[in-house]
Amino acid sequence: MSNESAPVDPQHFRQVMGQVPTCVTVVTALVDDVPQAMVIGSFVSVSLDPPLAGFFCTITSSTWGELRNADVLGVNVLAADQIDVSNACMRAPDERLDGLDWTLDGGAPRIANTSAWIRMTHNQIIDAGDHEFALCNVVEMSIPANAIEPVIFYGGGYRTLRPQD
Ligand SMILES: Cc1cc2nc3c(=O)[nH]c(=O)nc-3n(C[C@H](O)[C@H](O)[C@H](O)COP(=O)(O)O)c2cc1C
């Protein structure tokens, strides 16, 4: 499908989309015995039957180049007190999990004390402009004991949720 409307200014696009809050996840995999990790805010639930979820990756990302070949993917939904984990996972690709508390769970790196954990396998990789959409099969998911609420990314920064009275 083509886009026949007036061109959208990229800065304006970013500014407006900054008004859309997202989750903060770290998508992980073990590829050729090397742990991979990438901060992903576009993680989304897709289908209940069959259980599908997915995320968008920029096609220029070197880590996506590894994750797209992974047998198993882990989605670590970061908790409100894990902004430092997100910052750690924005380091150079080979250092992202250094110093973090993680273990292998079903073949994918699982970070401790997240708000939620989801293990997935690839279903389809779909072209999406300068991104690709990784549509994935959900194979296992859990909420860790004592999990707290997730951190949110909004307007270019991290936020935590505040309940309304
Ligand atoms: C909160 C947050 C959310 C992000 N969400 C995405 C996303 O959904 N897709 C994406 O491609 N990059 C996203 N990024 C950027 C990537 O994590 C970042 O560009 C990463 O360094 C790419 O991996 P690479 O350096 O190995 O290419 C996000 C970054 C942050 C801080």
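Q: Why is Asp32 called exposed?
A: This is a predicted model, and the label comes from a count. Asp32 has 8 other C-beta atoms within 10 Å. The cut-off for exposed is 12 or fewer. Asp32 is therefore exposed.

Q: Where is Asp32 placed, and what is its phi?
A: Asp32 lies in the loop between β2 and β3. Its phi is near 50 degrees, a positive value in a residue other than glycine. Most residues other than glycine have a negative phi.

Q: What makes β2 and β3 a hairpin, and how do the two strands pair?
A: Two residues lie between β2 and β3 in the hairpin. Asp32 is in that turn. Strand β2 covers residues 25-31 and pairs with β3 in the antiparallel sense, over seven bridges. Two strands count as paired with at least two bridges, so β2 and β3 qualify. Within this pairing, Thr28 stands opposite Ala37 in β3.

Q: Why is β3 described as largely enclosed by the rest of the structure?
A: Five of the seven residues of β3 are buried. A residue is buried if 20 or more other C-beta atoms lie within 10 Å of its own. With five of its seven residues buried, β3 is therefore largely enclosed.

Q: Which sheet holds β3, and what makes β3 an edge strand there?
A: An open sheet of seven strands has the order β3-β2-β6-β9-β10-β5-β4, with antiparallel pairing. Its edge strands are β3 and β4, and each pairs on one side only. Neighbouring strands of this sheet are turned by 35 degrees against each other on average, direction ignored.

Q: How do you know that β4 and β5 pair?
A: Three bridges join β4 to β5. Pairing needs at least two bridges, so these strands pair. The two run antiparallel. Ser47 stands opposite Leu52 in β5.

Q: What joins Asp49 and Pro50?
A: A cis peptide bond joins them, with omega about 5 degrees. Pro50 is in the loop between β4 (44-47) and β5. Most peptide bonds are trans.

Q: What makes β1 and β12 edge strands?
A: A second open sheet is built from three strands in the order β1-β11-β12, with antiparallel pairing. Its edge strands are β1 (22-23) and β12 (157-160), since each pairs on one side only. Strand β11 (residues 151-154) is joined to β12 by four bridges. Phe153 stands opposite Tyr158 in β12.

Q: Why is Asn113 called partly exposed?
A: Asn113 has 16 other C-beta atoms within 10 Å. Exposed means 12 or fewer, and buried means 20 or more. The count for Asn113 falls in between, so the residue is partly exposed. Asn113 sits in the loop between β8 (108-111) and β9 (116-128). Its phi is near 65 degrees, a positive value in a residue other than glycine.

Q: Is Ile143 buried or exposed?
A: Ile143 has 11 other C-beta atoms within 10 Å. The limit for exposed is 12 or fewer, so Ile143 is exposed. Ile143 is in the loop between β10 (131-142) and β11. Ile143 and Ser115 are 28 residues apart in sequence, with 6.3 Å between their C-alpha atoms.

Q: How do you know that the radius of gyration agrees with a compact globule?
A: With 165 residues, a compact globule would have a radius of gyration near 15 Å. The chain has 16 Å, which agrees. The C-alpha atoms fill a box of roughly 50 × 45 × 35 Å along the principal axes.

Q: What makes up the chain, and how much of it is buried?
A: The chain has three helices and 12 strands. Buried residues make up 28% of the 165 residues.

Methods. Residues numbered from 1 in each chain as written. Predicted model: local features only at pLDDT ≥ 70, side-chain atom pairs only at ≥ 80, totals over all residues. Rg over C-alpha atoms; globule rule 2.2 N^0.38 Å. Axes fitted to C-alpha atoms, helices over the stretch in contact; angles between N-to-C directions.
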